[in-house]
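Student: I have a new model open and would like to learn how to read it. Could we go through it feature by feature?

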Amino acid sequence: MRPPNDVVLITGASDGIGRAVARGFATHGSSLILAARRAERLADVAAELRSVGASVVTCPVDVSLDAGRKELVTKAISTFGKIDVLVNNAGYGYRCPLETTPLHAVRSIFETNVFAPIALTQLVVPHMRDQRRGCIINMSSVAGKVARPLSSLYDATKHALEAVSDGLVGELRDFGICVVVIEPGFVKTEFVAVADSLSTDYSGNDGNYDRLRRAMRESDARYRRFAVSPEKVAQVVVRAAIARRSGTRYVVPLFARVTLLLKRLLPHALFQRVIGG
Ligand SMILES: NC(=O)c1ccc[n+]([C@@H]2O[C@H](COP(=O)([O-])OP(=O)(O)OC[C@H]3O[C@@H](n4cnc5c(N)ncnc54)[C@H](OP(=O)(O)O)[C@@H]3O)[C@@H](O)[C@H]2O)c1
């Protein structure tokens with residue numbers, strides 16, 4: 001088990017899963033460096049965690065920007081002298097057709113969901129290698145294995161993150177650094193509301209996708225009944241980080257595991273119909 005005095009850097013800690021992960025590590029006794037763009041939200045999370053005795057610093061940065069990522073890692077090292085665990089959690093989705101999503105928006109989602117975890121990994125690996133110990137946790141999704149209509153760009157970012165993580169496991173093993181992928185199913189956070197609001201400009205207004213949009217909304221409503229709390233995902237993240245020998249992949253909850261099992265068992269076209277495609 002990892003010692004409680006580990007230093008944990010969490011991106012996307014102002015809300016949802018990242019905030020729950022921060023609470024989970026605080027309970028374990030870790031020191032925390034928390035990143036997100038909304039400074040006030042981040043300050044609220046930090047105040048809550050300090051009130052229960054946690055050592056917390058915040059860094060209100062945009063992880064899609066090179067300068068923000070450098071500031072974050074520099075602040076972690078200058079404050080705590082080390083980083084033991086990096087949780088690449090910040091991310092968002094779109095719910096819009098690929099046809100009507102401008103390329104700048106595609107680049108933007110890849111910047112946050114894929115390039116930021118890659119760049120942060122590049123920044124923390126030298127520190128982790130020096131101490132011969134570290135853990136990088138990448139927040140993927142069932143969408144890292146499954147792609148659905150109107151979500152193909154988000155799903156592509158998570159597929160990319162999965163491939164990056166798989167390759168990294170072997171690259172970093174000899175340095176004592178583990179790489180873990182978390183694959184949550186539906187989680188009760190602001191994720192869908194944020195995705196909807198970011199997608200409004202990219203949805204096309206000629207009605208071509210209205211039928212599909214209605215169908216996906218119904219399909220989502222059916223499956224979102226199985227959504228779990230962010231705390232449930234956080235428990236898995238903390239467990240993976242503190243394990244003496246962590247696994248490389250954690251799927252949470254059971255409903256997500258069943259979905260991935262069906263993907264393996266069913267013919268592709270039938271599986272796509274089951275998930276709403
Ligand atoms: N909710 C789900 O059903 C679900 C399922 C599977 C996987 N996931 C994954 O879980 C992760 C967290 O999502 P969530 O559900 O907790 O969503 P959320 O409640 O919307 O939280 C997203 C977090 O990411 C931060 N963030 C977004 N863009 C950022 C940027 N450019 N720089 C810094 N921080 C940024 C947000 O903070 P600011 O806005 O303050 O920057 C916020 O703290 C994401 O990677 C998501 O893909 C979610």
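Student: Let's start with a loop: where is leucine 150 found?

Tutor: First, some ground rules: this is a predicted model, where local features need pLDDT of at least 70 and side-chain atom pairs count only at pLDDT 80 or more, while totals for chains, interfaces and linings use all residues. Residues are numbered from 1 along each chain as its sequence is written, and side-chain values use heavy atoms, with hydrogens and water left out. Helices (H or I, at least four residues) and strands (E, at least two) are DSSP runs, numbered from the N terminus. Here, leucine 150 sits in the loop between E5 and H5.

Student: What is the phi of leucine 150?

Tutor: Near 65°, which is a positive value in a residue other than glycine. Arginine 132 also has a positive phi, near 55°. You'll find arginine 132 in the loop between helix H4 (103-130) and strand E5 (134-139).

Student: Is leucine 150 buried or exposed?

Tutor: The idea is relative accessible area: buried means under 20%, exposed over 50%, and partly exposed in between, using a 1.4 Å probe and protein chains only. Leucine 150 counts as buried because its relative accessibility is 10%.

Student: Which residues does glycine 144 touch?

Tutor: Contact means heavy atoms within 4.5 Å. Not counting residues up to four places away in sequence, glycine 144 touches Lys158, His159 and Glu162. Glycine 144 lies in the loop between E5 and H5, and it is buried at 6% relative accessibility.

Student: And what is serine 141 in contact with?

Tutor: Leaving aside neighbours within four places in sequence, the partners of serine 141 are Tyr154, Lys158, Glu162, Ile182, Glu183 and Pro184. Serine 141 is in the loop between E5 and H5 too, and with a relative accessible area of 10% it is buried.

Student: What kind of peptide bond joins valine 252 and proline 253?

Tutor: Check omega: for this pair it is about 0°, so you are looking at a cis peptide bond. Proline 253 has its place in the loop between strand E7 (249-252) and helix H9 (254-265).

Student: Now the helices. Where does leucine 172 lie, and what does it touch?

Tutor: Leucine 172 lies in helix H5 (residues 152-172). Its contacts are Val125, Ile136, Ile177 and Val179, not counting residues up to four places away in sequence. Leucine 172 is buried, with a relative accessible area of 5%. The C-alpha atoms of leucine 172 and arginine 129 are separated by 8.5 Å, and the two residues are 43 apart along the chain.

Student: Is serine 219 buried or exposed?

Tutor: Serine 219 counts as buried, at 1% relative accessibility. Its place is in helix H7 (residues 210-224). Leaving aside neighbours within four places in sequence, serine 219 is in contact with Arg148, Ile275 and Gly276.

Student: How many disulfides does a search of the whole structure find?

Tutor: A disulfide is a covalent bond between the sulfur atoms of two cysteines. The test used is a pair of cysteine sulfur atoms within 2.5 Å. The search finds zero disulfides in the whole structure. As for individual cysteines, cysteine 135 is buried, with a relative accessible area of 0%, whereas cysteine 178 counts as partly exposed at 22%.

Student: Let's zoom out. How many helices and strands does the protein chain have?

Tutor: The secondary structure comes to 10 helices and seven strands. The radius of gyration of the protein chain is 19 Å, close to the 19 Å that the globule rule gives for 277 residues, so the chain is as compact as a globular protein of that length. That radius is taken over C-alpha atoms, and the rule is 2.2 Å times the number of residues to the power 0.38. Along the principal axes, the C-alpha atoms fill a box of roughly 55 × 40 × 35 Å.

Student: What share of the residues of the protein chain count as buried?

Tutor: Of the 277 residues, 50% count as buried. Among contacts between residues at least 6 apart in sequence, 74% join residues at least 24 apart.

Student: How many positive and negative side chains are there?

Tutor: For this count, Lys and Arg are positive and Asp and Glu negative, with His and the chain ends not counted. The place of a charge is taken as NZ of Lys, CZ of Arg, CG of Asp or CD of Glu. The protein chain has 37 positive and 26 negative side chains, and the centres of the two sets lie 7 Å apart.
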